[in-house]
Amino acid sequence: MPSTVAAPRPQHRTPPSPMAPPRSFLWSRRIFLTVLTGFVLLPVYVMVSSSLKPLQDVSGKFRWLPSGLTIRPYIDIWSTVPLAKYFMNSLVVAGTATVCSVAIAVFAAYAVSRYSFRGKRVFTITVLSTQMFPGILFLLPLFLLYVNIGNATGIALFGSRGGLILTYLTFSLPFSIWMLIGYFDSVPRDLDEAALVDGCGPLGALFRVVVPAAIPGIVAVAVYAFMTAWGEVLFASVMTNDATRTLAVGLQGYSTLNDVYWNQIMAASLVVSVPVVAGFLLLQRYLVTGLTAGAVK
């Protein structure tokens, strides 16, 4: 019998998905993102390269390629101005304002989220409406208030760290309360009821059940409060003196009547940004979760 050879099976090619974007669109998007990335990283390159240049390379016409590299600006920034003192002032003020803002916001947001009381709607609207006013509107009233309190009671709020902390609380606390209200509303009330059944009181339910479930939102609020206080310039330039000056204002000390130490300014700016960038990278996962869950809901 003649041998039969099996006919090759036809190869079926999977047709391209009708929803797939064309190749021209993909390349256009890549080119656009590459150009955008370069545009964003260009200031970073200028800052880093300028911080490693000698002063003569940054005083005149800008040079993209330095004639030489030196780490001397990173050493001189601590002696040109008392940067360590400014750093400590900013750390104390921003850290204290963050802790106070988070602590007060947790109690206030939990009360609004879980309890009904007279004036609840007015309170929430008032808290949100404070974000509509520009910060400079409160500069003169706070200045007069601090001076009058100091003259009447002897409590030095003007020119002190405590007065600057209270000032930053007036800006970070309303937003922190509003954001945590939305996040606490997303936490099921059944968790509170289960904790109460197990013998916990209201504070026990808050700290043992609700707060652990709301860690992403609390971290997001803490990062916002810290960044608000860390880089603020307007109130810090008016409400502080030589002993309580913060980093945002202290960087102006590298500019004198005779010259501007651009390489030291860039080096100090990089040093100042390290705590914020490092904290953001470490807490990025909690920050994104807190913003999406709290702000949207």
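This is a predicted model: local features need pLDDT of at least 70, side-chain atom pairs count only at pLDDT 80 or more; totals for chains, interfaces and linings use all residues.
1. Overall make-up. Of the 297 residues in the chain, 34% are buried. When contacts between residues at least 6 apart in sequence are considered, 75% of them join residues at least 24 apart.

2. The largest nonpolar core. This core holds 30 residues, and the members that touch the most others are I77, L83, Y168, W230, M239, L247 and Y254. At least two core residues come from each of helix 4 (83–114), helix 6 (139–153), helix 7 (161–186), helix 10 (215–230), helix 11 (234–239), helix 12 (247–250) and helix 13 (262–282). Apart from this core lies another, of 26 residues, which includes V112, I177, M179 and V221.

3. The surroundings of L83. If its neighbours within four places in sequence are left aside, L83 is in contact with I77, W78, L247, Y254 and A268. Among these partners, I77, L247 and Y254 are also listed with L83 as residues that touch the most other members of the largest nonpolar core.

4. Helix 9 by itself. Helix 9 covers residues 202–213, and at 1.5 Å a residue its 12 residues should span 16 Å, which agrees with the 15 Å between its end C-alpha atoms. Its buried residues are G204, A205, L206, V210 and V211, and the buried residues of helix 9 pack against helix 4, helix 7, helix 8 (189–197) and helix 10.

5. Helix 9 against helix 10. Two packed helices are described by the angle between their axes and the distance between the axes. For helix 9 and helix 10 the angle is about 70° and the axes are 5 Å apart; angles of 65 to 115 degrees count as roughly perpendicular, and these two helices are therefore roughly perpendicular to each other. On the side of helix 9 the contact is made by V211, P212 and A213, and on the side of helix 10 by I215, P216 and I218. By class, this contact has six nonpolar residues, with no polar and no charged ones.

6. S186 in helix 7. S186 is found in helix 7 and is partly exposed, with a relative accessible area of 26%. Although S186 and A214 are 28 residues apart along the chain, their C-alpha atoms are separated by 9.1 Å.

Methods. Residues are numbered from 1 along each chain as its sequence is written. Side-chain values use heavy atoms; hydrogens and water are left out. A nonpolar core is a set of buried Ala, Val, Leu, Ile, Met, Phe, Trp, Tyr and Cys residues joined through side-chain atoms within 4.5 Å. Buried means under 20% relative accessible area, exposed over 50%, partly exposed in between (1.4 Å probe, protein chains only). Helices (H or I, at least four residues) and strands (E, at least two) are DSSP runs, numbered from the N terminus. Contact means heavy atoms within 4.5 Å. Axes are lines fitted to C-alpha atoms, for helices over the stretch in contact, and angles run from 0 to 180 degrees between N-to-C directions. Angles under 35 degrees count as roughly parallel, over 145 as roughly antiparallel, 65 to 115 as roughly perpendicular and the rest as oblique. Ala, Val, Leu, Ile, Met, Phe, Trp, Tyr, Cys and Pro count as nonpolar, Asp, Glu, Lys and Arg as charged, and the others, Gly among them, as polar. The expected span of a helix is 1.5 Å times one less than its number of residues.
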